[in-house]
Amino acid sequence: LWSQRLLGAIYDLTCGYGTRPMRPLIWIAAIALACFLTIWTTDGAVFLKQNQCNGTSQNATWESQLCSDENDSKQWLRAATLTVRAIVNPLGFAARSETVTAASAGINVLLFYQWLLTLILIALFILCVRGRFKLE
């Protein structure tokens, strides 16, 4: 069946049928890089705490480093923060408050698929490592 061949090809491409545990990690890095570049180039990350950007509190916290300046040189940092947060803490559990958010619904959809694919690839990585110990 064509669906079995397609799933087999995807399984081979992502983890080499369980024999290449580094492949899922490489895919996770590639997906994160693609999401970062998309968010960065589309100006898709918005800093929520603009009140921290005024006056002498400019260097008070790491969050204040996300403030926009006159030429918006911190956009890459906001994009990186949003990309990493989508992998590490997608639902915002135990977060003090949200600092950076997506500028559009399209970026939210992108981050959702990034999280979903990362979760699947982590499961494949765990299965690959488990298979390695089982074989030896």
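Let me start with T99, which sits in the loop between α3 and β2. Helices here are DSSP runs of H or I with at least four residues, strands are runs of E with at least two, and both are numbered from the N terminus. T99 counts as buried because its relative accessibility is 7%; buried means under 20% relative accessible area, exposed means over 50%, and partly exposed is in between, with a 1.4 Å probe and protein chains only.

A word on the source. This is a predicted model, in which local features need pLDDT of at least 70 and side-chain atom pairs count only at pLDDT 80 or more, while totals for chains, interfaces and linings use all residues. Residues are numbered from 1 along each chain as its sequence is written, and side-chain values use heavy atoms, with hydrogens and water left out.

Now the overall layout. The protein chain has four helices and two strands, in the order α-α-β-α-β-α from the N terminus. Of its 136 residues, 29% count as buried. Taking contacts (heavy atoms within 4.5 Å) with a separation of 6 or more, 64% are between residues 24 or more positions apart.

Next, helix packing. Two packed helices are described by the angle between their axes and the distance between the axes. The axes are lines fitted to C-alpha atoms, for helices over the stretch in contact, and angles run from 0 to 180 degrees between N-to-C directions.

Helix α1, residues 2-15, packs against α2 at about 90°, with the axes 6 Å apart. The two are therefore roughly perpendicular; that class covers 65 to 115 degrees, with under 35 roughly parallel, over 145 roughly antiparallel and the rest oblique. On the α1 side the contact uses D12, L13, T14 and C15, and on the α2 side R23, P24 and W27. By type, that is four nonpolar, one polar and two charged residues. Nonpolar here covers Ala, Val, Leu, Ile, Met, Phe, Trp, Tyr, Cys and Pro; charged covers Asp, Glu, Lys and Arg; the others, Gly among them, are polar.

Helix α2, residues 22-41, also packs with α3, residues 75-88, at about 140° and with axes 9 Å apart. That makes α2 oblique to α3. From α2 the contact takes A32, C35, F36, I39 and W40, and from α3 Q75, W76, A79, A80, L82, T83 and I87. This contact has 10 nonpolar residues, two polar and no charged.

Which residues form the largest nonpolar core? There are 11: F36, I39, A45, F47, A79, L82, A86, V100, A102, I107 and L111. A nonpolar core is a set of buried Ala, Val, Leu, Ile, Met, Phe, Trp, Tyr and Cys residues joined through side-chain atoms within 4.5 Å. Elements giving two or more residues to this core are α2, β1 (45-47), α3, β2 (100-102) and α4 (105-135). The most come from α3, with three. Apart from this core lies another of seven residues, including C15, I28, L121 and C128.

Leaving aside neighbours within four places in sequence, F36 contacts W76, A79, A80 and T83. Q114 is in helix α4 and, at 1% relative accessibility, counts as buried.
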